[in-house]
Amino acid sequence: MKLARNVVAPTILFGLCLGMAGCGGKKPPGTTPPSDTGGTSADGGATTGTPAETGSGGSSDDGGAVADPGAGGGDGPAAPTTCDAKIADTPTLLFNDQVILRPPHGVEFVPDGNPMVQQAIMSGGFMSACDALIKRMLVTAYEVDKKRKPAKLMDEFITSLESQGYTGGKRSSVYLDTATDYHLSVEYGGGGGSEATVLYLAVARRGERDFIVVIESTPGDFKLLRPTFEASAKSLFIVPPDA
């Protein structure tokens, strides 16, 4: 399998949601959306803030939420403010069955033989834990450049998104930083007929390949889904040769 060495955002597949009003931003009928408090940089983040204290990874066994006791009012239940991680019980095979990943609850990948990009995208998005919406999810693969650490790879990928209109984003504090994994998020403001969006970005260095996991949601839903995004990105592994 021949993989790209340079970091080039998958332009055709990634698309441009910032220039499309309401791209995946509507809740399907019959669902109860979380509170649209318009997540700010303090929740998803700016570099000057700390990430929301929702835990690292969490448990995939429970998608339940913790409601704010001071929120709500009236006869209905209070809207959730936190949500445990909930990822698929069964791993998904990607990249010609060479990679396994447990996607967030509700997210499904379409079988695709593309050796560089795997995508999960559906009109209207995917409903996940706590009835929060995931717009799309992508996984890209690159040959490892051992001189380039995961943090550098992340910087180059974020820069490459600017050509698609993802500019002026506010980076969060780093959620995970090891020799093999590097996670953060970037929030992009809305305007000009488009809505604000958050990208959860994770580099996973596995063997001789680097993978970048991209999961997109609105700022409000990101507050609930961040533990799920982290748990999913951390679940990416190469299938053992003898499996």
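**Labels and the values behind them**

Mentor: Let's start with Ala-233, which lies in helix H4 (residues 219-234). Keep in mind that this is a predicted model.

Trainee: Why is Ala-233 called buried?

Mentor: Buried means under 20% relative accessible area. Ala-233 has 1% relative accessibility, so the label applies.

Trainee: What does Ala-233 touch, leaving out residues up to four places away in sequence?

Mentor: Its partners are His-183, Tyr-200, Ala-202, Arg-206 and Val-213. There is also Leu-101: the C-alpha atoms of Ala-233 and Leu-101 are separated by 7.6 Å, with the two residues 132 apart along the chain.

Trainee: Leu-101 brings me to strand E4 (residues 99-101). How do you know that E3 and E4 pair?

Mentor: The pairing rule asks for at least two bridges. E3 and E4 have three bridges, in the antiparallel sense. Leu-94 stands opposite Val-99 in E4.

Trainee: What makes strand E3 (92-94) and strand E12 (237-238) edge strands?

Mentor: The open sheet has three strands in the order E3-E4-E12, with antiparallel pairing. E3 and E12 each pair on one side only, and that makes them the edges.

Trainee: On to the rings. How many aromatic pairs does the structure hold?

Mentor: Six. One of them is Tyr-175 with Tyr-200.

Trainee: Why is the pair of Tyr-175 and Tyr-200 called stacked?

Mentor: Ring centres within 6.5 Å make a pair, and planes under 30 degrees apart count as stacked. Tyr-175 and Tyr-200 come in at 5.7 Å centre to centre and 10 degrees between the planes, so both conditions hold. The pair links distant parts of the chain: Tyr-175 is in the loop between strand E7 (170-171) and strand E8 (176-177), and Tyr-200 is in strand E10 (residues 197-206), 25 residues apart. Both tyrosines are buried.

Trainee: How do you know that the charged end of Arg-226 sits over the ring of Tyr-175?

Mentor: The distance cut-off is 6 Å from the ring centre, and there is an angle condition of 35 degrees from the ring normal. The Arg-226 distance is 3.9 Å, and the contact is assigned as sitting over the ring. Likewise, Arg-206 lies over the face of Phe-237, at 5.0 Å from the ring centre.

Trainee: Last one: what puts the buried residues of helix H3 on the same side?

Mentor: In H3 (residues 150-160), the buried ones are Pro-150, Leu-153, Met-154, Phe-157, Ile-158 and Ser-160. They cover an arc of only 155 degrees around the axis, which places them on the same side of H3. An α-helix has 3.6 residues a turn, so residues three or four places apart point the same way. The cover over the buried residues of H3 includes strand E6 (133-143), E7, strand E9 (181-188), E10 and strand E11 (209-217).

Trainee: And for the protein overall?

Mentor: Of its 243 residues, 46% count as buried.

Definitions and conventions: Residues numbered from 1 in each chain as written. Predicted model: local features only at pLDDT ≥ 70, side-chain atom pairs only at ≥ 80, totals over all residues. Heavy atoms only, no water. Helix = DSSP H or I, 4+ residues; strand = E, 2+ residues; numbered from the N terminus. Buried < 20%, exposed > 50% of the residue type's maximum accessible area, 1.4 Å probe, protein only. Contact = heavy atoms within 4.5 Å. Phe/Tyr/Trp six-rings, centres within 6.5 Å; stacked < 30°, edge-to-face > 60°. Arc of directions from axis to C-beta.
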